[in-house]
Amino acid sequence: LRARVALNPAAVVAPVNRRTFGSFVEHMGRCVYTGIYEPGHPSADEDGFRADVLALARELGVTMVRYPGGNFVSGYRWEDGIGPAEKRPRRRDLAWRSIETNQVGIDEFAKWAEKAGVEIMYAVNLGTRGVQEALDVHEYLNHPEGTELSERRRANGAEKPYGIKIWCLGNELDGPWQTGHKTAEEYGLLAAATARALKSAEPDLELVACGSSSSSMPTFGSWESTVLEHAYEAVDYVSCHAYYEEYDGDLGSFLACATDMDHFVSSIVATADAVGARLKSKKKINISFDEWNVWYLSRFQNAPPPSEWEVAPRVIEDRYNVADAVVVGNLLISLLRHSDRVTAACQAQLVNVIAPIMTEPGGPAWRQTVFHPFARTAALAKGDVLETRVDCPTYQTARYGEAALIDAVATHDPVTGGVTLFVVNRDQENPVELTVDLSAFGADLSVAESVTLTDDDVRATNTKDDPERVTLRPTTQIPTGAITTGDGSVTIALPRVSWTALRLT
Ligand code: AHR
């Protein structure tokens, strides 16, 4: 099988947004406790953070982390997590039917974020709370000094304001499972009022209104339309959330699920722009794809709820295989392709809970398969995203109809001249020979790096005892050195079910 892609440095979609490589830390399962935080662990630092996890988070290349939820935030009282740790209350977390000890709160998380070198995306509770509590947490986190709550922060050890710029106005309030679930009308009014109040306190905040929890929600589209009718001028983003899994062994459909993400983004962009047109607004609302990943959600939904109220139980600790990693690489291709409108995104979540990083309490931390495409994309996507149209065969899928066998996106750094192509082969049987036409670059380019994630066993996983079973390997059958072979192209063989990054300088 053969495919072709022609790249042109003049065909720029948008700059690569560093916030595309966001992640998510929710107080859920073992993401916080025995995930990022485990005093007593052999690698724990002076603040109780696991140094092994911090090192992996840095290696992953995460730029921004959404915190503290998720469904958790819709019943959370942020002030439970400040002040002397021994005085903090234990509470029920209704979202995950577990016990929250509040030993980590925003002051601790901000310390972790600084050590990890990430920006915080802070979510406020608009499930059980409202405008006043959002203003209170903003005053605590961002007001410089001289008011009750800013002084309380200073007394708790953070003299300078945290300066958090990007704020989520609640979480998934379209979902009946959400504590404090609302109609679009109710939420639109609350989001608009909260956004206006927060912006009176700090006009240049970037605010994210909740969009749909998935593209299969019955209110998909109409929810965004109604919410934005109320909140358009006060907010900057609308969120999208999407999780994908392989159903009933239908690997072909699963490998094509990025087409759903493409459709999700273009539908919400169209919806937001239609509201903007109706309101005669010149402003554009961008997309914060602040929860996305592979998640075997149906397994979770089919399992009985926990009978005990536990601290940090093992919840949705999915083990990812090779196909899952190829899909994660493909979802990043989709996000990058939409960089003109998707200007923030968070893989959900960072540690243990549907996560690229796994830990054992008291034991090791290791990289899941999905770690690798994320880390390499975050490291190599630089400069501008280029329009990337692939000429390739297609195949039929049960869920998404006709889908391309190859999906790709390229970035070009005008400063260094480097070009990187991120590409997946969705074919389950055959390698595909891909010719990359670089003649429009007008200069010789050489292959500096080409790495592929693939395996004879598409179900292979990494485990604590075999953590390097699935990793990136040099792409086989790739010419090295100068590649401008007369016609300025390079040809690369993409193994079946694979993700590849090809970097040229
Ligand atoms: O990431 C897990 C959960 O998925 C989040 O808490 C929620 O927002 C979504 O439904």
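By class, the shell around the ligand holds 2 nonpolar, 6 polar and 3 charged residues, where Ala, Val, Leu, Ile, Met, Phe, Trp, Tyr, Cys and Pro count as nonpolar, Asp, Glu, Lys and Arg as charged, and the others, Gly among them, as polar. The model is predicted, with local features needing pLDDT of at least 70 and side-chain atom pairs counting only at pLDDT 80 or more, while totals for chains, interfaces and linings use all residues. Residues are numbered from 1 along each chain as its sequence is written.

**Ligand.** Select Glu-26, Met-28, Gly-69, Gly-70, Asn-71, Asn-171, Glu-172, Ser-213, Glu-291, Ala-348 and Gln-349, which surround the ligand; a residue is near a molecule if its C-beta atom, placed from the backbone, lies within 6 Å of it.

**Domains.** Next, colour domain 1 (2-9 + 385-504) and domain 2 (21-80 + 93-127 + 166-193 + 206-380) separately, the bounds coming from an automatic or database domain assignment. Their centres, taken over C-alpha atoms, are separated by 27 Å. In this pair, 34 residues of domain 1 are in contact with 34 residues of domain 2, contact meaning that the C-beta atoms of two residues, placed from the backbone, lie within 7 Å. On the side of domain 1 that touches domain 2, the elements giving two or more residues are strand 18 (394-397), strand 20 (406-412), strand 21 (419-425), strand 23 (446-453) and strand 27 (498-504); helices (H or I, at least four residues) and strands (E, at least two) are DSSP runs, numbered from the N terminus. Strand 27 provides the largest share of that side, 4 residues, and the side as a whole has 19 nonpolar, 8 polar and 7 charged residues.

**Helices 5 and 6.** Move to helix 5 (residues 184-201) and helix 6 (residues 222-231), which pack at an angle of about 35 degrees with their axes 8 Å apart; axes are lines fitted to C-alpha atoms, for helices over the stretch in contact, and angles run from 0 to 180 degrees between N-to-C directions. The residues of this contact divide into 9 nonpolar, 4 polar and 2 charged, including Tyr-187 in helix 5 and Trp-223 in helix 6.
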